Amino acid sequence: MSHHIVEVRNLTHTYPDGTTAIKDMSIRITHGESVALVGANGAGKSTLLLHLNGYLTPGSGTVRIGDYPLTKETLREARRTVGMIFQDADDQLFMPTIYEDVAFGPHNLGLPREEVEKRVNDALSRMGIEHLKKRPPYHLSAGEKRRAAIATVLSMTPDILVLDEPTTGLDPRGRRQIISLLREFTHTKIIATHDLDLVLDLCTRTIVLHEGRIRADGQTGAIFSDLDLLDECCLEKPLSMQGCPLCGRQR
Amino acid sequence: MAETARSFYDLKYIDTLSSLDSPVHRIDARAKLLTTGVFIVCAVSFPKHEISALIPYFLYPAVIVPAARIPARYLMERAAFLLPFAVLIGIFNPFYDREVVMSVSGIPISGGVLSFVSILLRFVLTILAALILMASTGFPGICSGLEKLKIPRVFSVQLMMLHRYLFVLASEAVRMARARQLRSFGGRGTGIATYGSLIGHLLLRTLNRARRIHTAMLSRGFHGEFHQGRPFRMRLSDAAFTAAWCSAFITFRFVDLPQAVGRIIMGAGS
């Protein structure tokens, strides 16, 4: 299927205050790929993500989602196709209860009530949080909120999932749960993160951003073995690829 | 600043109460809204020296509070917490209005004292009614109730979002205040100058968050309309609830029951 493609061509973006966050960037992500976006703080990850669902418009260059370029006319379809999961779950959960929050997207798509109900229940059970249905979001733990935030997007049946820092602020088990859930998804995944071990677990391909440009793009294993590259881009080898801190033995 | 944190957790508590189940919780939000509205209008519309006619209104909290399983102690505490505001409004009345209007077993009572007591009574009544509504309906319920009563959607959505992000904003404010307190020694650094900067930062953070929330809404196809999930059904019992209480309130308003009862007793005695 060709419609799960994300293509960014010669994208440049300058914020109103004059900072150029993205310079002449080109990426092509094809169906079913799981791609990590890594890079230092301020390397342009978030700015790039905001272009993928049309929240920011390119200064120059184009963004194509599926078979269409992203324009005002295709915005609605693009936003259904690309499910965005934000870094702070509190930003994503704004309705009085989790149920209503997960139903928010499907309702806006104009689906009939029974279909909305079905989708909400599917999304909740997929994330294992049916029991939280009637709870207001501010009574939940960070891990529960994160799963709820993912459910709000799943209910729109997106083809492409875009996640911004899906594991920050979670305890180790919560982090592990999110990773296992994400691994089961067959969607095309784009994950911006500093959690390099997560990248190693989930992503076959890694794109390294540096000062608004693509510094490297390739197999995750190869990228994380290139120490000079990692050093230049303020990154480190994932912990699981480093030697044992007690005996120094390499894996 | 501990006070900020306290009132914040208090809000959460009233929210927890509203998620319980009781006959009162199950009543349609519109019915409760209307009843509370009529209650408040009736209670505040008495002439300024009225005391005895206000007493029957305590019947409403006395019946509803146990029925809704709201801890009475909590309500008392809340009312006591807010009482200073009412005291401030009425405290000068006894000094301005010294004309003696009645005397109880020889002790003259001035109009000012009467109106002061009247203010306090009305205050307690309205606070109780509002808290009961909040604790038995919940904020989202009140908002959708308002909407069904044809209040413009903009307002109900605004209220709902306000309530949702009150918790986020409050916890942010509490964290900032704590950080400041931990680094200000002997009261230094707690002055108005840092306070201004703190509030400014809070505003900027809020604006940023508002922008992010808007992005999140847009990404999920938001185009200016909210869908409320729960269908509203006004049952006969809900209508009966409103009708019964409202007619009671209006009766209390025009018939001074304590006085009437007093007259009957006196009449029987003579």
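Predicted model: local features only at pLDDT ≥ 70, side-chain atom pairs only at ≥ 80, totals over all residues.

**Cavities and the chain contact**

Trainee: What volume does the largest cavity have, and which residues line it?
Mentor: The volume of the largest cavity is about 40 Å³. Its lining is made up of V6(A), V8(A), I27(A), I29(A), L37(A), L48(A), L52(A) and I190(A).

Trainee: Is that lining nonpolar or charged?
Mentor: Start with the elements: β1 (6-14), β2 (20-29) and α1 (45-52) of chain A each give at least two residues to the lining of the largest cavity. By class, the lining has no charged and no polar residues, and 8 that are nonpolar.

Trainee: Now the interface: how much area is buried between chain A and chain B?
Mentor: Chain A brings 28 residues to the contact and chain B brings 30 residues. Carbon and sulfur atoms give 54% of the area buried between the two chains, which comes to about 2700 Å².

Trainee: Which residues in chain A lose the most area to chain B?
Mentor: Three residues together account for 27% of what the chain A side buries. They are D91(A), F94(A) and Y138(A).

Trainee: Which side chain meets D91(A) in a salt bridge?
Mentor: Between chain A and chain B the count is 5 salt bridges. In one of them, the N to O distance is 2.7 Å and the partner of D91(A) is R209(B).

Trainee: Which helix gives the most to the side of chain A that touches chain B?
Mentor: Across the interface there are also 11 residue pairs in polar contact, both residues at pLDDT 80 or more. On the chain A side, α2 (75-81), α3 (89-92) and α4 (98-108) each supply at least two residues. The top contributor, with 6 residues, is α4(A).

Trainee: And how many residues on that side of chain A are charged?
Mentor: The side of chain A that touches chain B includes 13 nonpolar and 7 polar residues. Its charged residues number 8.

Terms used. Residues numbered from 1 in each chain as written. Chains lettered and ligands numbered in written order. Heavy atoms only, no water. Contact = heavy atoms within 4.5 Å. Buried area = accessible area lost by both parts, 1.4 Å probe. Salt bridge = Lys/Arg side-chain N within 4 Å of Asp/Glu carboxyl O. Polar contact = N/O pair within 3.5 Å; in protein donor to acceptor, adjacent residues only side chain to side chain. Helix = DSSP H or I, 4+ residues; strand = E, 2+ residues; numbered from the N terminus. Nonpolar A, V, L, I, M, F, W, Y, C, P; charged D, E, K, R; others polar. 1 Å grid on protein atoms, 1.4 Å probe; cavity = no way out; pocket = protein on both sides within 12 Å on 5 of 7 lines; lining within 4 Å. Points joined across faces, edges and corners; volume = space filled by probe spheres on them.
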